[in-house]
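These are my notebook entries on a structure that I went through element by element. I began with the strands and then turned to the helices and the core.

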Amino acid sequence: FKNEALRGRELDHPHVVQYLDAGEHAKVSYIVMELGIRSVRHLLDSSGPLSLGKSIEIIGACIEGLKYLHARNLIHRDIKPANILETQRGYVVGDVGIMRWEDFGSGFTSAGTLTKSSVQLGSWYYMSPEQCDDAHDITPAVDIYALGITWYELLTSRAPDPRAVVARKMKPPTSNSLANELILSMTNYEASDRPSLQEISDRIRLIKIESF
């Protein structure tokens, strides 16, 4: 918690949540962040499945926020609708509490100083196969996988069954074949088979050109 409070204030990007202050009162630690209007989870709960255009707006914001984090060797590890916030600035990636900071070596994180290796880091439906195996020895590709699952959920209002994802038997989330193919590629079992954030951005531009 204290690490999140300290390191979160170092982040500065239009699509990453702003950490404003931190401290302790009556022996209780606190963090002050920018005001969120609602999470995307709340948006789905109130509105149901989103249009392809709205989903692209949200996913596009996440891509830019993740580009910023990954460029600094930071891996979020828990991308999901509940951790994407709507703010006055637009949509931002929130909750960096379990993010893998670049100066935390595996010896530090697995020794119990921060988290024990037996503790599951992430949320089950959004966790890539390699993150399920080892939440510490991961690459930015885990965020790509989680973003793909999240995009699927934005379009259908529910995350796909992990068994269907692994078997490549997910029901197409939209009538747009380009979007369906992109989401499927983002959730490939092998991390090396998933597209990069830039590749996703490029393919989203093609979807916009052909669909809107």
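**Entry 1: the open sheet.** In what order do the 3 strands of the open sheet stand, and is the pairing parallel or antiparallel? Working from a predicted model, I read the order as S3-S4-S5, with antiparallel pairing. Strand S3 (38-39) and strand S5 (90-93) are the edge strands; each has a single partner strand, so one side of each lacks a neighbour in the sheet. I then looked up which element lies against this sheet, and found that H3 packs on it, touching S4 and S5. The direction of H3 makes about 45 degrees with that of S5. Between S3 and strand S4 (residues 84-87) I noted 2 bridges in the antiparallel sense. Arg-38 has Glu-86 in S4 as its bridge partner.

**Entry 2: the hairpin.** I next took strand S1 (residues 19-25) and strand S2 (residues 28-33), which run antiparallel and are joined by 6 bridges. Gly-23 is placed opposite Tyr-30 in S2. The hairpin has 2 residues between the strands, and Ala-26 takes a positive phi near 55 degrees there.

**Entry 3: the nonpolar core.** Which residues touch the most other members of the largest nonpolar core? I recorded Ile-58, Leu-147, Trp-151 and Ile-204, in a core of 46 residues. Helix H2 (40-47), H3, S5, H6, H8 and H9 each give two or more residues to this core. H3 supplies the largest share, 10 residues.

**Entry 4: helix H8.** In helix H8 (residues 177-186), I found Ala-179, Asn-180, Leu-182, Ile-183, Ser-185 and Met-186 to be buried. The buried residues of H8 pack against helix H3 (52-71), helix H6 (141-156) and helix H9 (197-211). At the start of H8, I noted that a side-chain oxygen of Asn-176 comes to within 3.0 Å of the backbone nitrogen of Leu-178.

**Entry 5: Ser-128.** Is Ser-128 buried or exposed? Ser-128 counts as buried because its relative accessibility is 0%, and the cut-off for buried is under 20%. I located Ser-128 in the loop between helix H4 (106-110) and helix H5 (129-133). Its side chain makes a polar contact with the side chain of Glu-130, at 3.2 Å. Leaving aside neighbours within four places in sequence, I listed Val-142, Tyr-145 and Arg-194 as the contacts of Ser-128.

Note on methods
Residues numbered from 1 in each chain as written. Predicted model: local features only at pLDDT ≥ 70, side-chain atom pairs only at ≥ 80, totals over all residues. Heavy atoms only, no water. Buried < 20%, exposed > 50% of the residue type's maximum accessible area, 1.4 Å probe, protein only. Helix = DSSP H or I, 4+ residues; strand = E, 2+ residues; numbered from the N terminus. Contact = heavy atoms within 4.5 Å. Polar contact = N/O pair within 3.5 Å; in protein donor to acceptor, adjacent residues only side chain to side chain. Pairing = 2+ DSSP bridges. Axes fitted to C-alpha atoms, helices over the stretch in contact; angles between N-to-C directions. Core = buried A, V, L, I, M, F, W, Y, C linked by side-chain atoms within 4.5 Å.
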